[in-house]
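This briefing covers pockets, helix packing and backbone features. Please consult it alongside the sequence and the model.

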Amino acid sequence: MTSYRSEPTPEAWRFSVAPMMDWTDRHCRAFHRLLTRRARLYTEMVTADAVVFGPRERLIGFDAFERPLALQLGGSDPGRLAQAAGIGADFGYDEINLNCGCPSDRVQSGRFGACLMREPALVAECVAAMASAVKIPVTVKCRIGVDEQAPREALFALVEAVERAGAAAVVVHARKAWLEGLSPKDNRTIPPLDYPLVHALKAAHPSLPIAINGGLDDLAAARAQLWFVDGVMLGRAAYQNPELLLGVDPQIFDAPAPLSDPFSAIEAYAPYVERELARGTRLHEMTRHLLGLFAGRPGARLYRRKLAMLATRPGAGLAVLREAVGAVAREALAETA
Ligand SMILES: Cc1cc2nc3c(=O)[nH]c(=O)nc-3n(C[C@H](O)[C@H](O)[C@H](O)COP(=O)(O)O)c2cc1C
């Protein structure tokens with residue numbers, strides 16, 4: 001590829017929160033960004049067609065403070081993906097990522113997502129088209145193979161093709177997708193993880209930033225991976241226990257944590273919540289991403305119950321959030337008394 005690129009350093013992919021459909025929407029990302037300044041965040045997957053023809057602002061609009069932020073696209077038509085990438089770049093995204101890992105039936109019938117593991121030449125064409133349409137990095141998120149594929153051949157073939165086509169980095173979910181007979185959910189737990197294969201991939205591509213994803217439950221596990229690869233991507237662990245993200249800046253980037261604890265995270269989120277409520281966003285659309293925040297602390301169950309019950313009520317406002325947090329704070333006080 002000859003196109004000019006404002007290339008970030010490999011450190012750009014050192015730690016990221018995975019793209020997760022229905023989870024990593026803008027309200028979730030706004031919250032995560034308060035917990036870590038340095039992690040790279042990803043949108044949910046949006047199809048290239050939706051970006052080109054759909055209600056753009058609603059689908060891919062974001063607040064500048066969410067950056068560094070990548071837009072994840074689904075699709076397999078190089079021209080359409082290039083168009084969508086261009087629109088993403090104009091919106092101000094820092095990266096365009098192509099999904100080659102999603103196993104859902106809907107995605108398979110559209111011939112994109114994980115089934116693209118079988119078509120490295122087509123994926124390379126897509127990457128080349130996107131990379132020549134934008135100046136920001138174009139990256140790929142993939143599995144290690146699908147169904148009967150031999151992972152070593154499938155993964156290496158895909159990554160060789162996309163590196164040649166101009167991909168700036170690759171994120172590998174280190175397990176196969178089984179396209180026959182497993183739900184998307186089971187496809188995130190049942191096919192076995194193969195981290196050493198991704199480490200071998202990195203050794204074979206010394207100048208291509210490679211991040212590993214899948215089954216990393218905490219920052220210790222994440223740090224251990226950084227001996228072998230350039231970056232780690234956490235999905236469920238970060239979403240279900242967002243407090244983990246408070247450790248990212250100090251433990252992964254050797255930088256100060258932006259906030260001291262989950263209580264201050266809620267306080268820091270409050271102005272965002274107020275702004276969004278005033279724009280007509282319902283409280284629950286934001287607080288549903290906070291349910292895991294106090295996991296393991298006394299009062300956490302009551303906190304979750306209050307939020308789940310009260311935040312969906314019409315007109316629910318910040319007072320509900322404060323009341324729910326109060327449940328944890330009171331229990332914490334009772335414990336120390
Ligand atoms: C609810 C949910 C939605 C997901 N949606 C996407 C998606 O839109 N695009 C994608 O590439 N991966 C998606 N994934 C997969 C994650 O990005 C990640 O690869 C997977 O969860 C493994 O990482 P983890 O073990 O750290 O969760 C999704 C995962 C979950 C749990």
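Axes are lines fitted to C-alpha atoms, for helices over the stretch in contact, and angles run from 0 to 180 degrees between N-to-C directions. Helices (H or I, at least four residues) and strands (E, at least two) are DSSP runs, numbered from the N terminus. This is a predicted model, in which local features need pLDDT of at least 70, side-chain atom pairs count only at pLDDT 80 or more, and totals for chains, interfaces and linings use all residues. Residues are numbered from 1 along each chain as its sequence is written, and side-chain values use heavy atoms, with hydrogens and water left out.

**Helix packing**

- The axes of helix 6 (residues 120-133) and helix 7 come within 8 Å and cross at roughly 25 degrees.
- Helix 6 and helix 7 are therefore roughly parallel to each other (angles under 35 degrees count as roughly parallel, over 145 as roughly antiparallel, 65 to 115 as roughly perpendicular and the rest as oblique).
- The crossing of helix 6 and helix 7 is right-handed (left-handed if the near helix is turned anticlockwise from the far one by less than a right angle, right-handed if clockwise).
- In contact (heavy atoms within 4.5 Å) are Pro 120, Val 123, Ala 124, Val 127, Ala 128 and Ala 131 of helix 6 with Ala 157, Leu 158, Ala 161, Val 162 and Ala 165 of helix 7.
- The residues of this contact of helix 6 with helix 7 divide into 11 nonpolar, no polar and no charged (Ala, Val, Leu, Ile, Met, Phe, Trp, Tyr, Cys and Pro count as nonpolar, Asp, Glu, Lys and Arg as charged, and the others, Gly among them, as polar).
- Helix 7 (residues 151-165) also packs with helix 8 (residues 195-204), at an angle of about 40 degrees and with axes 11 Å apart; helix 7 and helix 8 are therefore oblique to each other.
- Helix 7 passes helix 8 in a right-handed crossing.
- On the helix 7 side, Pro 151, Arg 152, Leu 155, Phe 156 and Val 159 meet Leu 197, Ala 200, Leu 201 and Ala 204 of helix 8; this contact comprises 8 nonpolar, no polar and 1 charged residues.
- Helix 4 (residues 78-91) and helix 6 have axes that come within 8 Å and cross at roughly 35 degrees, and their crossing is right-handed.
- Pro 78, Leu 81, Ala 82 and Ala 85 of helix 4 make the contact with Leu 122, Glu 125, Cys 126, Ala 129, Met 130 and Ala 133 of helix 6; these residues divide into 9 nonpolar, no polar and 1 charged.

**Pockets**

- On a 1 Å grid over the protein atoms alone, a pocket is an open set of points where a 1.4 Å probe fits, with protein on both sides within 12 Å along at least five of seven lines; lining residues have an atom within 4 Å of a point.
- The volume of the largest pocket is about 640 Å³ (grid points are joined across faces, edges and corners, and a volume is the space filled by probe spheres set on the points).
- Its lining holds 30 residues, of which Pro 19, Met 20, Met 21, Lys 141 and Arg 188 lie nearest the centre.
- At least two lining residues of the largest pocket come from each of strand 2 (40-47), helix 5 (105-109), strand 8 (231-234) and helix 10 (236-240).
- The lining of the largest pocket divides into 14 nonpolar, 9 polar and 7 charged residues.
- The second largest pocket has a volume of about 500 Å³.
- This second largest pocket is lined by 21 residues, with Asp 25, Arg 26, Glu 44, Arg 58 and Leu 59 nearest its centre.

**Backbone features**

- The peptide bond from Arg 67 to Pro 68 is cis, with omega near 0 degrees; Pro 68 lies in the loop between helix 3 and strand 3 (69-74).
- Asp 22, a residue other than glycine, has a positive phi, near 75 degrees, and is placed in the loop between strand 1 (15-17) and helix 1.
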